[in-house]
Amino acid sequence: MLGAKVKTYDNARWFTFRSINDTLMVEKGAYVKTIAIVNQKGGVGKTTTAINLAAYLARLGKKVLLVDLDPQGNATSGLGIDKYASEHSLYDVLVKGVSIDIVRHSTNVDKVDLIPSNHNLSGAEIDLVSVADREHVLSSVLSKAEGEYDICLIDCPPSLGLLSVNGLVAADYVFVPVQTEFYAMEGMGQLVQTIQRIQQNLNPSLSILGVVLTMYDSRTSLSSQVRQEVERVFGDLVFKTVIPRNVRLAEAPSHGEPIVQYDKWSKGARSYKALAKEVLNRL
Ligand code: ATP
Ligand code: MG
């Protein structure tokens, strides 16, 4: 169950915590479901997951808004949008109060809109410091798009700074991609503690939607060992679908396309399609 007892560790020091999903599962109505894709570790597949989940959720009939909350702007360029072509980006929405209607883009994926970002966004961490309610800025911005979308995905940067905190405060759910590698669980304790703090202080309706293993290589015993370890720690929170290491997934962003458009018969495509179905079943 989503509220199962979960064990995790940091720096080889084990501790347990009771997922407060149990007590905090709230009735979710027909409003937009917002999912923050978070892991402070870099390069674990957050953006790849954000783009491809967005595309497959749209194929499954959902209207999706993808928010690029990373100054690297990878979700933006990965969807074929020039990070610097637009006059405005997410930075202007968060810091200058520019309307979301002006900044959001349609994409070459039917039913997927994007709020783009570029390196300007790194300034937001500093510019928002003196703002009252600085953790709620994204949340209040996104509430203005309520009703227009079924699902909002937030691609967070590889840190747990103010931008990611804004993502977690705006979200109903946290989605954690974990790369299938030796250091997979490093930092998980810190991530879970951050989620708990946000649940307790800033966003009581936040819950963990799930954990997905990425870049899985079925030929190696390391991959299956890491999978066992992640499943031991996170239990039923781990999605049944694992995302394989697949070169087509790595190539797709350079063509500005999600995998469903770049190579829908690839292993990577089939796995993200299955993941999107699992995600919908959990919402
Ligand atoms: P960052 O923390 O920098 O934002 P990230 O967590 O968003 O990184 P991605 O950008 O999605 O991670 O992926 C990191 C790199 O790994 C990229 O080059 C991407 O194309 C590649 N990659 C992601 N998933 C896979 C996969 N399943 N198979 C092969 N390559 C992948
Ligand atoms: Mg990324």
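**View 1. Strand 3 and strand 7 side by side.** Strand 3 and strand 7 run parallel and are joined by five bridges; two strands count as a pair here if DSSP finds at least two bridges between them. Helices (H or I, at least four residues) and strands (E, at least two) are DSSP runs, numbered from the N terminus. I37 has D155 of strand 7 as its bridge partner. This is a predicted model, where local features need pLDDT of at least 70 and side-chain atom pairs count only at pLDDT 80 or more, while totals for chains, interfaces and linings use all residues. Residues are numbered from 1 along each chain as its sequence is written, with chains lettered from A and ligands numbered from 1 in the order in which they are written.

**View 2. Strand 7 and its other partner, strand 4.** Strand 4 also pairs with strand 7, in the parallel sense and over five bridges. Here V64 has I151 of strand 7 as its bridge partner. How much of strand 7 is buried? Five of its five residues are, so strand 7 is largely enclosed by the rest of the structure. A residue is called buried if 20 or more other C-beta atoms, placed from the backbone, lie within 10 Å of its own, exposed if 12 or fewer, and partly exposed in between. In a regular strand the side chains alternate between the two faces of the sheet. For strand 7 both faces are covered, with I151, L153 and D155 buried on one side and C152 and I154 on the other.

View 3. Seven strands make up an open, mixed sheet in the order 5-6-4-7-3-8-9. The edges are strand 5 (105-106) and strand 9 (207-214), each of which pairs on one side only. Further in, strand 4 (residues 64-68) and strand 6 (residues 112-115) run parallel, joined by four bridges. Look for V67 there: it stands opposite I115 in strand 6. In total the protein has 13 helices and nine strands.

**View 4. Helix 8 against the sheet.** Helix 8 (residues 162-170) lies across strand 3 (33-37), strand 7 (151-155) and strand 8 (173-179), and runs at about 150° to strand 3. That angle is taken between N-to-C directions, on a scale from 0 to 180 degrees, with axes fitted to C-alpha atoms and, for helices, over the stretch in contact. Nine of the nine residues of helix 8 are buried, so the helix is largely enclosed by the rest of the structure. Among them are L162, N166 and A170. What covers these buried residues? The cover includes strand 3, helix 6, helix 7, strand 7, strand 8 and helix 9 (188-201).

**View 5. The shell around ligand 1.** There are 20 residues around ligand 1, and K46, T47, T48, P158 and A250 come nearest; a residue qualifies if its C-beta atom, placed from the backbone, lies within 6 Å of the molecule. Helix 2 (46-59) and helix 11 (247-251) each supply at least two residues of this shell, and the largest share, three residues, comes from helix 2. By type, the shell has seven nonpolar residues, 10 polar and three charged. Nonpolar covers Ala, Val, Leu, Ile, Met, Phe, Trp, Tyr, Cys and Pro, charged covers Asp, Glu, Lys and Arg, and the others, Gly among them, go down as polar.

View 6. Most residues other than glycine have a negative phi. With 18 other C-beta atoms within 10 Å, K111 is partly exposed. D133 has phi near 60°, also a positive value, and lies in the loop between helix 6 (124-127) and helix 7 (137-143). D133 is exposed, with 11 other C-beta atoms within 10 Å.

**View 7. K273 and L57.** K273 belongs to helix 13 (residues 267-282). It and L57 are 216 residues apart in sequence but 8.2 Å apart in space, C-alpha to C-alpha. K273 is partly exposed, with 19 other C-beta atoms within 10 Å.

**View 8. The start of the chain.** Over residues 1-29 pLDDT stays under 50; pLDDT is the predictor's confidence in each residue, from 0 to 100. Where pLDDT is low, the predicted coordinates should not be read in detail. For the protein, the mean pLDDT is 89, and 89% of its residues reach 70 or more.

Note on methods:
Two residues are in contact if their C-beta atoms, placed from the backbone, lie within 7 Å.
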